[in-house]
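Here is a friendly tour of some ring contacts. Have the sequence and the 3D view open as you read.

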Amino acid sequence: GSGLGGNSKDGIVLKDDDGFPFIPGRTLKGLFRDAFQECGFGEKEEINLLGHRKHGVELNEEKPKNYQGKLYFGSAYLPNDLRVNLKKQSKEFINGLYTSKTSNHLSDNKQTVNHSLRNLEVCIPLKLEAKLTPLESDNKIYKDYKDDLEKAFKMIKIMGEKRYRGLGRCIVTLKNNTDDNF
């Protein structure tokens, strides 16, 4: 979900300019930061790969210090061949990628609680791809961090709004494109 409402829905899917679902890179980075913490990796490894912004003043500095990580997280989009094929379809077909789920909150006596009706837009299960790009050209990040990244990838199983109510299940896998890139 985008966290935005619209068209009589309390939450709509985040879409790119072509109307296809996507996940922003900063969202992916946040998921990986949480996964790193779940895996018990130390702050050093997390800062090294993902970067970090120290909150507060350090060593008499007036501004927080930023630490750039070694990875750039690109946004996740539909694979290009699927995008091309879907663009050839009608608008109604593309709209068929989405449906609405309605829910409400019930009281202890199984009565609907006032003002609890929610209407969410959801997307059918699709494969999205994102590129993680090393920011240092001479760095062998894939070789150095492959095991840690694969372990963190396996920790990400759900994402998005209402994920604890059965929505947002996902499978994240690592695919190496070259020895230095993935």
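## A charge over a ring

Lys 15 places its charged end over the ring of Tyr 98, 4.5 Å from the ring centre. A charge counts as sitting over a ring if NZ of Lys or CZ of Arg is within 6 Å of the ring centre and within 35 degrees of the ring normal.

## About the model

This is a predicted model, in which local features need pLDDT of at least 70 and side-chain atom pairs count only at pLDDT 80 or more, while totals for chains, interfaces and linings use all residues. Residues are numbered from 1 along each chain as its sequence is written, and side-chain values use heavy atoms, with hydrogens and water left out.

## Phenylalanine pairs

Searching the whole structure turns up three aromatic pairs (rings of Phe, Tyr and Trp, the last by its six-membered ring, with centres within 6.5 Å; planes under 30 degrees apart are stacked, over 60 edge-to-face, the rest tilted). One of them is the tilted pair of Phe 32 and Phe 73, at 5.3 Å centre to centre with 45° between the planes. Because Phe 32 lies in helix α1 (residues 25-39) and Phe 73 in strand β3 (residues 71-73), this pair ties together parts 41 residues apart in sequence. Helices (H or I, at least four residues) and strands (E, at least two) are DSSP runs, numbered from the N terminus.

Phe 32 also pairs with Phe 153: the centres are 4.7 Å apart and the planes at 55°, so this pair is tilted. Here helix α1 is linked to helix α5 (residues 141-155), with Phe 32 and Phe 153 121 residues apart.

## Buried or exposed?

Phe 32 and Phe 73 are both buried (under 20% relative accessible area; exposed is over 50%, partly exposed in between, with a 1.4 Å probe and protein chains only). The relative accessibility of Phe 32 is 6%, and Phe 153 is buried at 5%. Phe 32, Phe 73 and Phe 153 make up one aromatic cluster.
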